[in-house]
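This report describes a single protein chain for a reader who is new to structural description. Please look at the sequence and the model shown here before reading on.

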Amino acid sequence: QVQLVESGGGLVQPGGSLRLSCAASGSIFSIYAMGWYRQAPGKQRELVATITNGRNTNYANSVKGRFTISRDNTKNTGYLQMNSLNAEDTAVYYCNAVVRATLNGKFNDYWGQGTQVTVSS
């Protein structure tokens with residue numbers, strides 16, 4: 001069993017910055033990949049960014065150049081640095097992790113409960 005807890009969301013003015021954190025805990029041997037997704041009211045959930053254990057990254061076109069995903073393997077924690085925020089970034093942001101619980105065990109996906117990011121003046 002693995003739990004993901006997001007933090008760092010809140011209200012920010014246009015052009016501002018926020019740093020989201022995703023702390024994983026529980027039965028963790030390794031985290032292969034972590035990712036961030038977001039969903040605004042009335043819109044479908046979309047991929048924001050992903051990062052693998054090998055530090056390969058992938059970003060949605062809408063956030064390239066503004067957001068940076070990273071991870072601290074010693075803390076089992078992922079981060080999303082968000083700069084130059086605008087109103088279109090307003091959404092609930094969800095953390096996702098692909099986790100191996102034991103050596104040679106299978107990989108499973110886990111999701112956090114989400115954290116609200118609101119960009120408004």
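In this predicted model, the link between Cys-22 and Cys-95 is left-handed, with -80° about the S-S bond. Cys-22 belongs to strand β3 (residues 18–26) and Cys-95 to strand β9 (residues 91–100), so the bond ties together parts of the chain that are 73 residues apart in sequence. The sulfur atoms of Cys-22 and Cys-95 are 1.9 Å apart. A pair of cysteine sulfur atoms within 2.5 Å is taken as a disulfide, and the count by this rule is one disulfide.

Are the two cysteines buried or exposed? Cys-22 is buried, with a relative accessibility of 0%, and Cys-95 is buried as well, with a relative accessible area of 0%.

**The chain as a whole**

Which elements make up the chain? The chain has eleven strands and zero helices. Its radius of gyration is 14 Å, close to the 14 Å that the globule rule gives for 121 residues, so the chain is as compact as a globular protein of that length. Along the principal axes, the C-alpha atoms fill a box of roughly 50 × 25 × 25 Å.

Of the 121 residues, 40% count as buried. The accessible surface of the chain comes to about 6,600 Å², and carbon and sulfur atoms account for 45% of this surface. When contacts between residues at least 6 apart in sequence are considered, 55% of them join residues at least 24 apart. As for charge, the chain carries 11 positive and 6 negative charges, and the mean positions of these two groups are 7 Å apart.

**The loop between β8 and β9**

Two residues of this loop deserve a description. Ser-84 lies in the loop between β8 (77–82) and β9, and Asp-89 is found in the loop between β8 and β9 too. Ser-84 is partly exposed, at 43% relative accessibility, whereas Asp-89 is buried, at 1%.

Which residues does Ser-84 touch, when those up to four places away in sequence are not counted? They are Gly-15, Gly-16, Ser-17, Arg-66 and Asp-89. The C-alpha atoms of Ser-84 and Arg-66 are 6.1 Å apart in space, although the two residues are 18 residues apart in sequence. Asp-89, with neighbours within four places in sequence left aside, is in contact with Arg-38, Arg-66, Phe-67, Ser-84, Val-117 and Val-119.

Most residues other than glycine have a negative phi. Ser-84 is not a glycine, yet its phi is positive, at about 50°. Arg-55 is another residue other than glycine with a positive value, its phi being near 70°. Arg-55 is found in the loop between β5 (46–52) and β6 (57–59), and at 63% relative accessibility it counts as exposed.

The table below gathers the accessibility of the residues described above.

| Residue | Relative accessibility | Class |
|---|---|---|
| Cys-22 | 0% | buried |
| Cys-95 | 0% | buried |
| Asp-89 | 1% | buried |
| Ser-84 | 43% | partly exposed |
| Arg-55 | 63% | exposed |

Note on methods: Residues are numbered from 1 along each chain as its sequence is written. This is a predicted model: local features need pLDDT of at least 70, side-chain atom pairs count only at pLDDT 80 or more; totals for chains, interfaces and linings use all residues. Side-chain values use heavy atoms; hydrogens and water are left out. Helices (H or I, at least four residues) and strands (E, at least two) are DSSP runs, numbered from the N terminus. Buried means under 20% relative accessible area, exposed over 50%, partly exposed in between (1.4 Å probe, protein chains only). Contact means heavy atoms within 4.5 Å. The radius of gyration is taken over C-alpha atoms; the globule rule is 2.2 Å times the number of residues to the power 0.38. Accessible areas come from the Shrake-Rupley method with a 1.4 Å probe; for residues, only the protein chains shown count as cover. Lys and Arg count as positive and Asp and Glu as negative; His and the chain ends are not counted. The place of a charge is taken as NZ of Lys, CZ of Arg, CG of Asp or CD of Glu.
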